[in-house]
Amino acid sequence: MLDISDLHVEVDGTETLHGINLHIGQGETHILMGPNGSGKSTLLKAIMGFGDYTITSGSIVFKGTDITRMPIHERARLGIGMMFQHPPAISGLKLGKLLTATSHLGNDAIEALAQTVNMEHFLTRDINVGFSGGEIKRSEVLQLKVQQPDFLMLDEPESGVDLENMSLMGKEIANLLEKDVHIVNRRKSGLIITHTGYILDYLEADQGHVLIDGRIRCHGNPREILRVVKEKGYGECLRCKQM
Amino acid sequence: MSALQTDVGDIERLPEKDRERLALTGLEVEMQNRCGSFFQIDQKVIQTTCGAEGIEMIPIKVALEKYDWVKDYSWNAVSPDKDKYTRYIAKQENPQGLVVIAHEGAKVEMPLQACLFLRDEPVQHVHNIFIAQEGAEINIISGCASSWQKEHGAHIGVTEIYVGKGAKVTSTMIHNWNPGISVFPRSAIVVEEDGTFLSNYVCMQPVRRVNMYPTARLIGKNAVARFSSIVVATPGSTLDLGSRAILGAEHTSAELVTRAITTGGTIISRGHILGEKDETRGHIECKGLILKDGIIHAIPEIEGTLTGTELSHEAAVGKIARNEIEYLMARGLSEEEATATIIRGFLDVKISGLPAVLQAQIDAAIDKAESGF
């Protein structure tokens with residue numbers, strides 16, 4: 001599904017990712033962990049193709065197509081979707097209008113999807129303007145349910161979400177990743193940034209990666225990585241690599 | 001039904017291009033969603049008809065002859081000595097224009113249309129008077145346009161609007177001129193106790209110059225005025241616009257809202273609210289988008305003279321934020337589609353209490369302009 005080779009990314013003229021290699025197969029979900037400022041969000045945004053994230057060398061191949069230089073919207077149309085941690089508030093643009101503009105769904109279908117995440121009363125609201133943390137997340141999930149990407153990137157889906165919303169979000173994200181479909185037939189893949197690992201209460205992940213200072217330090221069983229980080233902190237990951 | 005003059009044939013004989021331009025300013029020849037119509041080409045009144053009970057639409061000369069008291073409303077809100085444009089109109093021996101009288105308690109949601117069309121003459125001048133008597137409610141859609149082949153000319157208009165006790169007037173004005181036309185509307189509004197005045201102004205097509213600064217005087221308790229403007233300045237256009245509200249009675253309030261876009265032209269967005277009585281509130285909001293190098297100059301003024309007034313303003317001028325465009329691109333919109341979607345939202349000033357047909361007309365003007373962004 002996704003193949004990243006020796007990826008170097010600059011932000012504001014400073015290299016922040018130093019040779020990332022990552023392979024995510026069809027139907028797989030990977031977890032990305034790492035301390036604040038280690039480059040996790042940068043990696044997601046570089047995969048999405050945002051302008052401030054300059055790829056200086058290396059490549060990103062998605063579904064067999066080299067997308068390293070592809071504009072954002074073409075990546076989206078090819079099947080890459082992203083849940084933003086801090087999406088912009090856009091004055092005047094109604095959530096419902098955006099969903100209509102980005103899909104072929106009719107108003108009834110959009111309304112029905114909105115109801116599944118308790119967002120039906122937000123369709124006529126300016127997108128993200130005055131939304132609470134939980135409302136922003138539900139709005140993001142709704143947009144992704146409309147978009148139906150094959151590869152889903154989630155930037156800290158747990159942050160700012162209360163327990164009740166977390167349960168709803170966890171189930172919806174599991175559905176987006178086709179966790180109810182048998183592994184053999186599952187088509188959807190995902191890459192999830194998490195600090196707490198709460199998302200693992202709702203879905204199984206196939207692999208975990210620890211990113212420190214712009215380098216992936218280790219791969220492994222996601223629950224095991226989470227346990228080590230919880231018990232010993234990221235310092236252990238640093239030491240582990242040096243040994 | 002008072003049909004003083006009706007010759008729809010004259011409108012239908014206009015070339016297709018002109019009829020399209022007029023349709024975009026709100027003119028409906030078939031009148032399906034209109035309850036009255038006034039149509040003036042240059043200095044000739046082609047049509048006045050009104051089918052709404054309690055409401056009259058008549059040429060100003062007829063109105064002055066028919067009702068002795070109409071003269072008390074003429075040159076009352078606007079002084080004939082205000083400037084050279086008002087003096088020009090005041091000295092006309094053969095004044096043209098429209099008088100709307102909404103008699104006491106007459107309420108009509110369906111709009112009255114007033115169309116002023118500049119075609120052959122160098123200057124079109126009009127003097128309009130809208131009178132909503134106690135408890136009356138009317139919606140007026142004024143479309144001002146020039147013929148597609150008209151290269152140069154000027155439109156000078158005085159409009160005096162009187163909103164009586166508990167009355168409500170919604171005035172929506174859509175301009176559709178040509179790059180060589182200059183426009184000088186001179187309007188003033190007087191709002192009495194419990195009266196409401198809503199003004200919507202849309203100008204999104206090229207024009208040489210528009211210069212106007214309507215003033216609403218709120219003279220009765222609880223009177224409300226709200227001006228909303230949606231304007232686009234294309235290269236070569238200078239839009240010097242503003243609106244003023246004088247909170248001259250207790251519990252009055254005013255709001256002046258502007259959305260301005262330049263694609264190379266100049267917009268001066270003025271606003272002035274004067275709070276001079278207790279329990280008054282006023283707010284000015286001007287948001288400007290510079291899509292291509294041009295000028296947006298916002299000059300919001302708030303002036304209070306006593307402790308009991310609360311006035312505020314906010315103004316912002318800039319370009320579309322890159323992260324907003326990229327957010328929509330991440331959902332699959334191309335850069336052009338994302339930009340147009342954001343602009344569309346920026347211009348979407350939903351005006352509470354605006355009838356759907358008027359909103360539809362504003363939306364149509366935005367749709368038409370959008371293709372040029």
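Trainee: How much of chain A counts as buried?
Mentor: A residue is buried if 20 or more other C-beta atoms lie within 10 Å of its own, exposed if 12 or fewer, and partly exposed in between, with C-beta atoms placed from the backbone. Of the 243 residues of chain A, 44% are buried. In chain B the share is 51% of 373 residues.

Trainee: What should I know about the model and its labels?
Mentor: The model is predicted: local features need pLDDT of at least 70, side-chain atom pairs count only at pLDDT 80 or more, and totals for chains, interfaces and linings use all residues. Residues are numbered from 1 along each chain as its sequence is written, while chains are lettered from A and ligands numbered from 1 in the order in which they are written.

Trainee: How many helices and strands are there in chain A?
Mentor: Elements are DSSP runs numbered from the N terminus: helices are H or I with at least four residues, strands are E with at least two. Chain A has eight helices and 10 strands. Its radius of gyration is 18 Å, close to the 18 Å from the globule rule for 243 residues, so chain A is as compact as a globular protein of that length. The radius is taken over C-alpha atoms, and the rule is 2.2 Å times the number of residues to the power 0.38. The C-alpha trace of chain A spans about 60 × 40 × 35 Å along its principal axes.

Trainee: And how many helices and strands are there in chain B?
Mentor: Chain B has seven helices and 21 strands. Its radius of gyration is 20 Å, close to the 21 Å that the rule gives for 373 residues, so chain B is as compact as a globular protein of that length. Its C-alpha trace spans about 65 × 55 × 35 Å along the principal axes.

Trainee: Which residues touch the most other members of the largest nonpolar core?
Mentor: In soluble globular proteins, nonpolar side chains tend to be buried together. A nonpolar core is a set of buried Ala, Val, Leu, Ile, Met, Phe, Trp, Tyr and Cys residues joined through C-beta atoms within 7 Å. The largest one has 172 residues, and those touching the most other members include V100(B), I189(B), L218(B) and A225(B). Contact means that two C-beta atoms, placed from the backbone, lie within 7 Å. Beyond its neighbours within four places in sequence, A225(B) contacts I189(B), V191(B), F197(B), A216(B), L218(B), A245(B) and A254(B).

Trainee: Which residues are buried in helix 6 of chain B?
Mentor: An α-helix has 3.6 residues a turn, so residues three or four places apart point the same way. Here A338(B), T341(B), I342(B), I343(B) and F346(B) are buried. They pack against helix 3 (95–101) of chain A, along with strand 17 (253–262), strand 19 (280–290) and helix 5 (322–329) of chain B.

Trainee: How many residues does each chain give to the contact?
Mentor: Chain A gives 19 residues and chain B gives 17. On the side of chain A, helix 2 gives the most, with four residues.

Trainee: Where is D213(A) placed?
Mentor: D213(A) is in the loop between strand 9 (207–212) and strand 10 (215–220) of chain A. Its phi is positive, about 50 degrees, although D213(A) is not a glycine. D213(A) counts as partly exposed because it has 14 C-beta neighbours inside 10 Å.
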